Amino acid sequence: MLPPTRRRFRRFHNDEDGAVLLIVVFALVAMVGMLVLVVDLGSLVSTRRAAVTAADAAALAAAQSCFDGDAVGAPVAAQQLGLANMENSGTSLSGTTSTIIAQQGCGTSREYGYVTVKVATNQDLYFAPIFGIDSHGVAAEATAAWGMMVGPPVPVMASIGGPNAFSSCDIPDPTPGETCYILMDNDHNGGGQFGYLSLTDWYSVGTDPLTMDCNSAGGTSLIRDEIAGISMPRYVYGAPAWSCQVSGESAQTWPTLAGLTRWFPLTDPAITEPSGKFYYVQGFAQATIVSVEQRSWSNVGTGPGNGNGNGNGNGNGNGNGGPPPIDTTQQTCGNGILVPPNGSYSCIGVTWHTSLMSTPGDPAIAEGVHLIK
């Protein structure tokens, strides 16, 4: 029989063995967790990169087929290129697909259009199955377009027509290189030759009216960002088309356009639709905003007047005095457009560079297929 001291020591030694075992177990769990993070997460990141490359290749292949007029061959091209790129990624994958999820103008227009392709797959995991996770989905999307290789237009439309009370030239067929002047009503959007429209809500003519809405249109901040090129939708723009009318703070927005050469949607005010929410965009033209000046004058009389009394008593009356002094430089815009009184207006100097075109692009730039997202 062991002495009491040795029994206590042995019991303490056995307790220490249990503590070491717990430490070893926790360390193994942490190591497996690190392996999951390093190996499996790294594998997922690699597969994601491969999916992005595959989606880009598939979208370009599908867009080329659409541009060549082969709408039937576009899905086949997207599938072949997408799967081929994923097979070359060297990872253990299953259930890989490469499909077109959105398109416009495929096989019907060489002037403009786009296709969006989604590549999706399942990545088999190595250490995560210990925790019951055998695989994880990975996906990527890419959009390719065809047509003139230029950016989208500004969200500012110009009405076709003139010369008239708001414009000193014919839009969009002025004398080449001539600067014409346009009067924009700052108080009532659309009161002049210009107005604001949505680059997000853009529908080709022939679109089912039940699918057309203006829920995502609007917002002065959005208009300013789109003019500045900060926030641009990914769509490819072509005409004829319908676009939602948008209200905007024109007096504050116009100065941001000064000095810019941009493509403007041109609308035909004679063509309308029952809801009255859309502009009919007939085409595009390129112009430079060379100047933006404010115009305002008043012909409303102010000040006290004299009154006459009737009957036996004395009467006092107030009347309006004469009109205030008028700054004649505020009464005209540019080369002769009359500025109406009692309002705030922007006098905009514009140099148009092109006539009406079906897509915002430079005819000197060759058509082609390119990624836009």
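A: A disulfide joins Cys 169 to Cys 180, with the sulfurs 2.2 Å apart; a disulfide here is a pair of cysteine sulfur atoms within 2.5 Å. This is a predicted model, where local features need pLDDT of at least 70 and side-chain atom pairs count only at pLDDT 80 or more, while totals for chains, interfaces and linings use all residues. Residues are numbered from 1 along each chain as its sequence is written, and side-chain values use heavy atoms, leaving out hydrogens and water.

Q: Where do Cys 169 and Cys 180 lie?
A: Cys 169 is in the loop between β4 (156–159) and β5 (179–185), and Cys 180 is in strand β5, so the link ties together parts eleven residues apart in sequence. Helices (H or I, at least four residues) and strands (E, at least two) are DSSP runs, numbered from the N terminus.

Q: Is Cys 180 buried or exposed?
A: Cys 180 counts as buried, at 0% relative accessibility. Cys 169 is buried as well, with a relative accessible area of 3%. Buried means under 20% relative accessible area, exposed over 50%, and partly exposed in between (1.4 Å probe, protein chains only).

Q: How many disulfides does the structure hold?
A: The structure holds three. One of them joins Cys 333 to Cys 347, with an S to S distance of 2.1 Å. The torsion about the S-S bond of Cys 333 and Cys 347 is about 85 degrees, so this disulfide is right-handed.

Q: And what parts does the pair of Cys 333 and Cys 347 tie together?
A: Cys 333 belongs to strand β10 (residues 332–333) and Cys 347 to strand β12 (residues 345–352), so the parts tied together are 14 residues apart in sequence. Cys 333 is buried at a relative accessible area of 0%, and Cys 347 is buried at 3%.

Q: Which cysteine is joined to Cys 66?
A: Cys 106, with an S to S distance of 2.0 Å. The link of Cys 66 and Cys 106 is left-handed, with -80 degrees about the S-S bond. The pair links distant parts of the chain: Cys 66 is in helix α1 (residues 4–67), and Cys 106 is in the loop between β1 (93–104) and β2 (112–124), 40 residues away. Both Cys 66 and Cys 106 are buried.

Q: What else does Cys 66 touch?
A: Leaving aside residues up to four places away in sequence, Cys 66 touches Ala 74, Gly 107, Val 115 and Trp 146, as well as Cys 106. Contact means heavy atoms within 4.5 Å.

Q: Which residues touch the most other members of the largest nonpolar core?
A: Cys 66 is among them, along with Ala 62, Ala 63, Met 86, Val 115, Val 117 and Trp 146, in a core of 26 residues. A nonpolar core is a set of buried Ala, Val, Leu, Ile, Met, Phe, Trp, Tyr and Cys residues joined through side-chain atoms within 4.5 Å. The elements giving two or more residues to this core are α1, α2 (73–87), β2 and β3 (135–148). The largest share, eleven residues, comes from α1.

Q: What lies apart from that core?
A: Another core lies apart from it, with 22 residues, including Val 154, Ile 223, Leu 257 and Leu 266.

Q: Back to α2. Which of its residues are buried?
A: In α2, the buried residues are Gly 73, Ala 74, Ala 77, Ala 78, Gly 82 and Met 86.

Q: New topic. How many aromatic pairs are there?
A: The count is three. Rings of Phe, Tyr and Trp (its six-membered ring) pair if their centres lie within 6.5 Å; planes under 30 degrees apart count as stacked, over 60 as edge-to-face and the rest as tilted. Among the pairs is Tyr 203 with Phe 278, whose ring centres are 6.1 Å apart and whose planes are at 75 degrees, so the pair is edge-to-face. It links distant parts of the chain, with Tyr 203 in strand β6 (residues 194–204) and Phe 278 in strand β9 (residues 278–295), 75 residues apart. Both Tyr 203 and Phe 278 are buried.

Q: What about Trp 242 and Tyr 280?
A: Their ring centres are 5.2 Å apart and their planes at 70 degrees, so Trp 242 and Tyr 280 are also edge-to-face. Trp 242 is in strand β7 (residues 241–246) and Tyr 280 in strand β9, 38 residues apart. Both Trp 242 and Tyr 280 are buried.

Q: How many helices and strands does the chain have?
A: The chain has four helices and 13 strands. Buried residues make up 37% of its 373 residues.
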